[in-house]
Amino acid sequence: MLLSVDSINVYYGRIHAVRDISFEVAKGEVVTLIGANGAGKTTILQTISGILQPKSGTIKYEGVEIQNKPAYKILQSGLAQVPEGRRIFTNLTVRENLEMGAYTRHDKEGITEDLKKSFSRFPRLEERRNQHAGTLSGGEQQMLAIARALMSKPKLLLLDEPSMGLSPLLVQEIFRIIRDVNEDGTTVLLVEQNAQLALSVADRGYVLETGKVIMSGGAKTLLVDERIKAAYLGGEA
Amino acid sequence: MKKSSSRVFKTYVLNIVIIAAIFIALQLMITNGVFNSYTSGLVVQIFINMILTLSLNVATGFLGELCLGHAGFMAIGAYTTALLTINSGLPVMIMFPLGLIAGMIISGIIGFLVGVPALRLKGDYLAIITLAFGEMISILLRTFKFTGGALGLNGIPRVTSFAYSYWCFIISLVLIITFMFSRHGRAILSIREDEIASEATGVNTFKYKMIAFVMSAMFAGLAGGLFAHFQGNLAPEKFNYNYSIDIMVMVVFGGMGSVSGSIVSAIILTLLPELLRGFSEFRMLVYAIMLIVLMIFRPEGMFGRKEVTYRVFRRFLKRNKQNKPVS
């Protein structure tokens, strides 16, 4: 297993946000965590990437426990996060944002090459490479956030709500890119409210409710599950 | 994409020529009496204020943390340097540069100690802690015997010449620019932009906040040491809250995060109160009104985050050339 999360508990002060959650991500997979607002999805991602600390439980990445490591060390071991709400550096240019993504790397030639690669994957970003990132549209900012995370050459990419606030057409585009990134060999852990879309690109899924895993399985099985349909996909109850 | 090395070399030479030319020009004006002693004193003060403004700009402009106790760090540098030159027994000309370095180091250490708790906090909380720190320093200096108590220190050798202030400024400027426009500087900028995103790209945010904060304290200490030996005496009241605010005003006026802005605003805001002496008692009122007007029309400060570089000049020249046939 590339990533295995074993019964973690995360608190915000007294609020028990994540209860005994366990799941696994194998190399090459796309795994999605779906659930409504407040289910604890973002909290889980932030705990994995080291921004939050779990009160108990372990998170193993490539067999090594990482739950007590600081965020910058976790990133160095090949795990990059695209934070919720994109969080690009609005006053830096597109190019500078991408260079910041490669902050932990020291191979100049590799960085230049990857910069070219991300421009060919996101031609829109190349057109705007010298613009301040704050002037980009929402979809472009999301692309930039993904491109920035990829600049660190992650083995595992954590995506937090990439469809948030985007038009349906752009959402399609973003999910096409996610599939594309996965086909290039990057494992993806995707957190989404848009369950249908998330399950359509994922191999497996976990369904969360108020901090607990209530169901898990193959994406195709979950897509047709009556209970999921009723709760998240807007099917007939 | 790569800058040709000959152009880089040319830029270096040009920089050195300009730095030397400004020095020689000002030095000649001072020695030949074009500037009277009042004016040359003002020149020294401007250079000291430039170091101060630059140093605060590192913490407030580049890192983006509001620090309201900068005068405290300056005071530590000032007293350290002065106490060393007065008490060491070594000739002043040897002790003074050593004292300046010692002042920087002690300021840096205190900066580190304040930073450990303060940098875990953000925004308003950090502002309040630094504010309290500044006041504490001013009170401690008044209490301790070895700092001369409320009387302060007198009879400090007045050895801060124009040359000293100028070269200290140049050294600070070069160090701050090279650091801020390096990979490390970019890391500090990214913290200002968005701390979570910065952490998500792998920046050790606490370490870089500390580096910026300590750097800021060290250069403030340097400015303090120069100030002490320019004035010849130190009074603890000088380094109170108001003085910290004065420095903050210079940073905001010039533009948070702009080196060029800090330099220009330190010049203007040091000269302005002097030039306004004609208004006599209304002087500070006019000064305040001018600040308010600037903040209304240019809230980002004179320069915002922009810098004056050779590239800007080249572009400007090119544009003028292109415009000529038309006009």
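In chain B, helices α10(B) and α12(B) are oblique to each other, because their axes cross at roughly 40°.

**A helix pair in chain B**
- Helix α10 of chain B covers residues 241-254, helix α12 of chain B covers residues 283-297, and their axes come within 11 Å.
- The crossing of α10(B) with α12(B) is left-handed.
- On the α10(B) side, the contact is made by V249(B), V252(B) and F253(B).
- Facing them from α12(B) are Y287(B), L291(B), L294(B) and M295(B).
- Sorted by type, the residues of this contact between α10(B) and α12(B) are 7 nonpolar, with no polar and no charged ones.

**A helix pair in chain A**
- Helix α6 (residues 138-150) and helix α7 (residues 168-183) of chain A pack at an angle of about 15°, and their axes are 10 Å apart.
- With that angle, α6(A) and α7(A) are therefore roughly parallel to each other.
- Here the crossing of α6(A) and α7(A) is right-handed.
- From α6(A), the residues in contact are G139(A), Q142(A), M143(A), I146(A) and L150(A).
- They meet L170(A), E173(A), I174(A), I177(A) and V181(A) of α7(A).
- The residues of the contact between α6(A) and α7(A) comprise 7 nonpolar, 2 polar and 1 charged.

**Strands in chain A**
- Strand β1 (residues 3-12) and strand β4 (residues 56-61) of chain A run antiparallel and are joined by 5 bridges.
- One place to look is V5(A), whose bridge partner in β4(A) is I59(A).
- β4(A) also runs antiparallel to strand β5 (residues 64-65) of chain A, with 2 bridges joining them.
- K60(A) stands opposite E65(A) of β5(A).
- β4(A) and β5(A) form a hairpin with 2 residues between them, and E62(A) in the turn has a positive phi of about 50°.

**How confident is the predictor?**
- Chain B has a mean pLDDT of 89, and 97% of its residues reach 70 or more.
- Among the elements of chain B, helix α9 (residues 205-231) has the highest mean pLDDT, at 96.
- The lowest mean pLDDT among those elements, 73, belongs to helix α13 (residues 310-323) of chain B.
- Where pLDDT is low, the predicted coordinates should not be read in detail.
- For the complex, the predictor gives an ipTM of 0.78 and a pTM of 0.84.

Terms used
Residues numbered from 1 in each chain as written. Chains lettered and ligands numbered in written order. Predicted model: local features only at pLDDT ≥ 70, side-chain atom pairs only at ≥ 80, totals over all residues. Heavy atoms only, no water. Axes fitted to C-alpha atoms, helices over the stretch in contact; angles between N-to-C directions. Helix = DSSP H or I, 4+ residues; strand = E, 2+ residues; numbered from the N terminus. Parallel < 35°, antiparallel > 145°, perpendicular 65-115°, else oblique. Left-handed = near helix turned anticlockwise from the far one by under 90°. Contact = heavy atoms within 4.5 Å. Nonpolar A, V, L, I, M, F, W, Y, C, P; charged D, E, K, R; others polar. Pairing = 2+ DSSP bridges. pLDDT = per-residue confidence, 0-100.
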